[in-house]
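Subject: Structure for you to look at, with notes

Dear colleague,

I am passing on the structure below, together with some notes on what turned up in it. Please have it open while you read.

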Amino acid sequence: MRMIRVTLLAIAFVAIAMPGLHAQQPAKKEASTTQSRIQKKTYDFKDAGKEMEYAVFVPSNYDKAKKTPLVVLLHGLGSNPQQIMRYPGLTDQAEKYGFIVVAPMGYNAGGWYGQAFFRGKTNPENLLELSEKDVMNVLDIARKDFHTDPDRTYLMGHSMGGGGTWHLGIKYSDQWAALAPLAPAIYRPATDVEKIKHIPVILVQGDADILCPVSTARKWAEQMKNFDMTYRYVEIKGGDHMTVAYRNLPEVFDFFSRHKRGERLPSSSSN
């Protein structure tokens, strides 16, 4: 029964990502001046044997002589780095707080960043491995290209990217100062947060989300409370799958700005 449920969820996500079904994409608004500075780049992904796309935003106050905070940003299923980088207000917040943002492809639009949640063939067969490796490659590239702060390196993602944030946050727990899973599609026990109880987390979820049920997010929030983590759980009454992601970006960037690796501050929850 679990396999059937997970497969149906996967089908639902794929349906959202199909051409012509973009109800979950942000409504188009006039682009901010910061969005005009989003860069589309590629690198030679040797393990995949191809050029791989990623996106970069650099704040106007960047000074290569100083350490700069870095956000790694993971897109949702059927999306890409350019789309999530253009979520309304995202680059405005990065500019405000002086954060570099890099958005990897995760190999393709449905790589799941290494999160395995159902059995079945993938294309290529090592898709999950490549998706995960792509994220870490882009992190390494950003650290080589810019003077980033290893104690202020953050991981954030929406939907599939939110699940990837949990997965990679747990697997590479020594890399992150804080995590921000937004309406995350996650298929592992919430008790796994014990492995990252030293990392601050801001979890954002709408209670009317039909793709990623609020019941799942509540389980993770409860476990963060049980393990006395530094966390903030933001549950939006009537919030859907999409709008909670970009409307709460100011809270996410504010949360990031108040945390460095190894520091702990009081937890809170908001509805």
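Glutamate 235 and arginine 218 are joined through their side chains in a salt bridge, with N and O 2.7 Å apart (the term stands for a side-chain nitrogen of Lys or Arg within 4 Å of a carboxyl oxygen of Asp or Glu). Because glutamate 235 belongs to strand S8 (residues 231-236) and arginine 218 to helix H6 (residues 214-226), the pair ties together parts that are 17 residues apart in sequence; helices (H or I, at least four residues) and strands (E, at least two) are DSSP runs, numbered from the N terminus. Glutamate 235 is buried at 8% relative accessibility, whereas arginine 218, with a relative accessible area of 41%, is partly exposed; buried means under 20% relative accessible area, exposed over 50%, and partly exposed in between, for a 1.4 Å probe and protein chains only.

Please bear in mind that this is a predicted model, in which local features need pLDDT of at least 70 and side-chain atom pairs count only at pLDDT 80 or more, while totals for chains, interfaces and linings use all residues. Residues are numbered from 1 along each chain as its sequence is written, and side-chain values use heavy atoms, with hydrogens and water left out.

The structure holds twelve salt bridges. Another of them pairs arginine 232 with glutamate 251 at 2.9 Å, N to O, and this pair links distant parts of the chain, since arginine 232 is in strand S8 and glutamate 251 in helix H8 (residues 249-257), 19 residues apart. Glutamate 251 is partly exposed, at 29% relative accessibility.

Lysine 133 forms a salt bridge with aspartate 47, their closest N and O atoms being 3.4 Å apart. Here lysine 133 sits in helix H4 (residues 127-145) and aspartate 47 in the loop between strand S1 (39-45) and strand S2 (50-57), 86 residues apart.

Turning to the nonpolar side chains, the largest nonpolar core has 51 residues, of which Val72, Val102, Trp166, Leu203, Trp220 and Met224 touch the most other members; such a core is a set of buried Ala, Val, Leu, Ile, Met, Phe, Trp, Tyr and Cys residues joined through side-chain atoms within 4.5 Å. Its largest share, eight residues, comes from H4. Leaving aside residues up to four places away in sequence, tryptophan 166 touches several residues, among them Pro181, Ile186, Leu203 and Trp220, where contact means heavy atoms within 4.5 Å. A second, separate core of 32 residues includes Met85, Ala177, Val244 and Phe255.

Best wishes
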